[in-house]
Amino acid sequence: MLEIGGKTHDAVMQIDEALDRIEAGDYGECDECGEDIPEKRLELVPYAVYCVECKERLEKEGAELS
């Protein structure tokens with residue numbers, strides 16, 4: 001039950017951050033490379049902060065560090 005609550009809390013935080021980026025005019029811009037995040041990705045993950053390429057690279061780098 002705690003795991004579900006934690007996931008819900010994380011989702012709400014990500015949505016709040018996306019709303020903040022909309023207000024700041026930064027929504028849809030990759031935090032890593034600065035390029036636009038493709039619209040299709042934002043449709044699937046509206047709170048995405050990375051484009052697909054950067055997200056995959058960061059995940060790979062994280063896996064290599066583990």
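Partly exposed describes a residue whose relative accessible area lies between the buried limit of under 20% and the exposed limit of over 50%. Glu32, at 40% relative accessibility, therefore counts as partly exposed. The model is predicted, and it holds three salt bridges.

**Salt-bridge network**
- Glu32, Arg57 and Glu61 are linked in a network of salt bridges.
- Glu32 pairs with Arg57, with 3.3 Å between the closest N and O atoms. This pair links distant parts of the chain, 25 residues apart: Glu32 lies in the loop between H1 and H2, and Arg57 in helix H3 (residues 52–65).
- Arg57 also forms a salt bridge with Glu61, where the closest N and O atoms are 3.3 Å apart. Arg57 and Glu61 are separated by about one helical turn because they are four residues apart in helix H3.
- Arg57 counts as partly exposed at 34% relative accessibility, and Glu61 is partly exposed with a relative accessible area of 35%.

**Salt bridge between Lys55 and Glu59**
- Lys55 forms a salt bridge with Glu59, the closest N and O atoms being 3.5 Å apart.
- Lys55 and Glu59 are four residues apart in helix H3, so about one helical turn separates them.
- Lys55 is partly exposed, its relative accessible area being 31%; Glu59 counts as partly exposed at 47%.

**Negative surface patch**
- A patch of negative charge on the surface gathers Asp26, Glu29, Asp31, Glu35 and Asp36.
- Asp36, one of the patch residues, lies in the loop between helix H1 (2–24) and helix H2 (39–44).
- Asp36 counts as exposed because its relative accessibility is 63%.

Terms used:
Residues are numbered from 1 along each chain as its sequence is written. This is a predicted model: local features need pLDDT of at least 70, side-chain atom pairs count only at pLDDT 80 or more; totals for chains, interfaces and linings use all residues. Side-chain values use heavy atoms; hydrogens and water are left out. Patches are made of residues with over 30% relative accessible area and no salt bridge: like charges are joined within 9 Å, nonpolar side chains (Val, Leu, Ile, Met, Phe, Trp, Tyr) within 5 Å. Accessible areas come from the Shrake-Rupley method with a 1.4 Å probe; for residues, only the protein chains shown count as cover. A salt bridge is a side-chain nitrogen of Lys or Arg within 4 Å of a carboxyl oxygen of Asp or Glu. Lys and Arg count as positive and Asp and Glu as negative; His and the chain ends are not counted. The place of a charge is taken as NZ of Lys, CZ of Arg, CG of Asp or CD of Glu. Helices (H or I, at least four residues) and strands (E, at least two) are DSSP runs, numbered from the N terminus. Buried means under 20% relative accessible area, exposed over 50%, partly exposed in between (1.4 Å probe, protein chains only).
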